[in-house]
Amino acid sequence: MSVEILDGKTIQSFVEDEGAFNSSVDSRFASLDTNHDGLLSYSEMAQELMSLRVLEKHFGVDESIMSHDELVELYHGLFARFDRDGNGTVELEEFRAEMKEVMLAVANGLGFMPVQMVVEQGSFLKMAVDRELANAA
């Protein structure tokens with residue numbers, strides 16, 4: 001992890017750079033596709049979905065306000081967002097489209113004011129910051 005300064009424009013310009021963005025997304029897709037069939041099943045995406053920490057409240061600890069069944073339903077709902085055609089698997093184009101929406105939503109949420117944020121190595125946010133720094137040099 002590292003502490004970075006970024007704003008919505010950092011993320012938006014990363015997403016708009018189709019070559020850089022698609023390369024990053026394609027790489028993440030390939031790393032999740034453990035059976036190398038070109039599709040992501042729920043089991044292949046489950047760990048990635050859980051890493052989103054959608055219920056995080058305090059310093060990386062999820063509060064257990066939901067039952068196990070409710071959590072399973074929540075993660076299946078997130079998977080369904082990626083599986084746009086509802087066939088039970090996520091194709092690369094679906095993964096790209098949903099990641100683009102997610103990243104643009106984050107950019108919109110951050111707005112134009114720079115914020116200091118802890119980001120994980122290898123995350124799309126870190127890739128956006130690194131791209132911006134490389135372009136500034």
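This is a predicted model: local features need pLDDT of at least 70, side-chain atom pairs count only at pLDDT 80 or more; totals for chains, interfaces and linings use all residues.
V15 sits in helix α1, which covers residues 8-16. With a relative accessible area of 3%, V15 is buried, because buried means under 20%. Who does V15 touch? Setting aside neighbours within four places in sequence, V15 is in contact with F21, K100, M103 and L104. Take M103 from that list: V15 and M103 are 88 residues apart in sequence, yet their C-alpha atoms are 7.3 Å apart in space.

Helix α2 spans residues 18-32, and its axis comes within 5 Å of the axis of α1, crossing at roughly 85°. That angle makes α1 roughly perpendicular to α2, since angles of 65 to 115 degrees get that name. If you wonder what those two values are for, two packed helices are described by the angle between their axes and the distance between the axes. On the α1 side, the residues that meet α2 are F14, V15 and E16. On the α2 side, they are E18, A20, F21 and S24. What kinds of residues make up this contact? They divide into four nonpolar, one polar and two charged.

Next, zoom out to the whole chain. It has six helices and six strands, and along the sequence they follow the pattern β-α-α-β-α-β-β-α-β-α-β-α. Of the chain's 137 residues, 34% count as buried. The accessible surface comes to about 8,300 Å², and 57% of that belongs to carbon and sulfur atoms. How many of the contacts between residues at least 6 apart in sequence join residues at least 24 apart? The share is 65%.

Are they buried or exposed? Q116 counts as exposed at 63% relative accessibility, and V118 is exposed as well, with a relative accessible area of 52%. Both values pass the mark, because exposed means over 50%. Leaving out residues up to four places away in sequence, Q116 touches V3, E4 and I5. For V118, with neighbours within four places left out, the contacts are M1, S2 and V3. So V3 turns up in the list for Q116 and again in the list for V118, with the cut-off for contact being heavy atoms within 4.5 Å.

| Pair | Apart in sequence | C-alpha to C-alpha |
|---|---|---|
| V15 and M103 | 88 residues | 7.3 Å |
| Q116 and E4 | 112 residues | 5.6 Å |
| V118 and V3 | 115 residues | 4.4 Å |

S123 lies in the loop between β6 (115-119) and α6 (124-136). At 17% relative accessibility, S123 counts as buried, because the limit for that word is 20%. Which backbone atom does the side chain of S123 reach? That atom is the backbone nitrogen of K126, at 3.1 Å.

D85 is found in another loop, the one between α4 (68-82) and β5 (90-91). With a relative accessible area of 47%, D85 is partly exposed. Not counting residues up to four places away in sequence, D85 touches E91 and E94.

One more loop residue is worth a look. H36 lies between α2 and β2 (39-40), and H36 is exposed, with a relative accessible area of 67%. What is the phi of H36? The angle is positive, about 55°, although H36 is not a glycine. Why point that out? Because most residues other than glycine have a negative phi.

Notes
Residues are numbered from 1 along each chain as its sequence is written. Side-chain values use heavy atoms; hydrogens and water are left out. Helices (H or I, at least four residues) and strands (E, at least two) are DSSP runs, numbered from the N terminus. Buried means under 20% relative accessible area, exposed over 50%, partly exposed in between (1.4 Å probe, protein chains only). Accessible areas come from the Shrake-Rupley method with a 1.4 Å probe; for residues, only the protein chains shown count as cover. Axes are lines fitted to C-alpha atoms, for helices over the stretch in contact, and angles run from 0 to 180 degrees between N-to-C directions. Angles under 35 degrees count as roughly parallel, over 145 as roughly antiparallel, 65 to 115 as roughly perpendicular and the rest as oblique. Ala, Val, Leu, Ile, Met, Phe, Trp, Tyr, Cys and Pro count as nonpolar, Asp, Glu, Lys and Arg as charged, and the others, Gly among them, as polar. A polar contact is a pair of N or O atoms within 3.5 Å; within protein, one must be able to donate a hydrogen and the other to accept it, and residues adjacent in sequence count only if both atoms are side-chain atoms.
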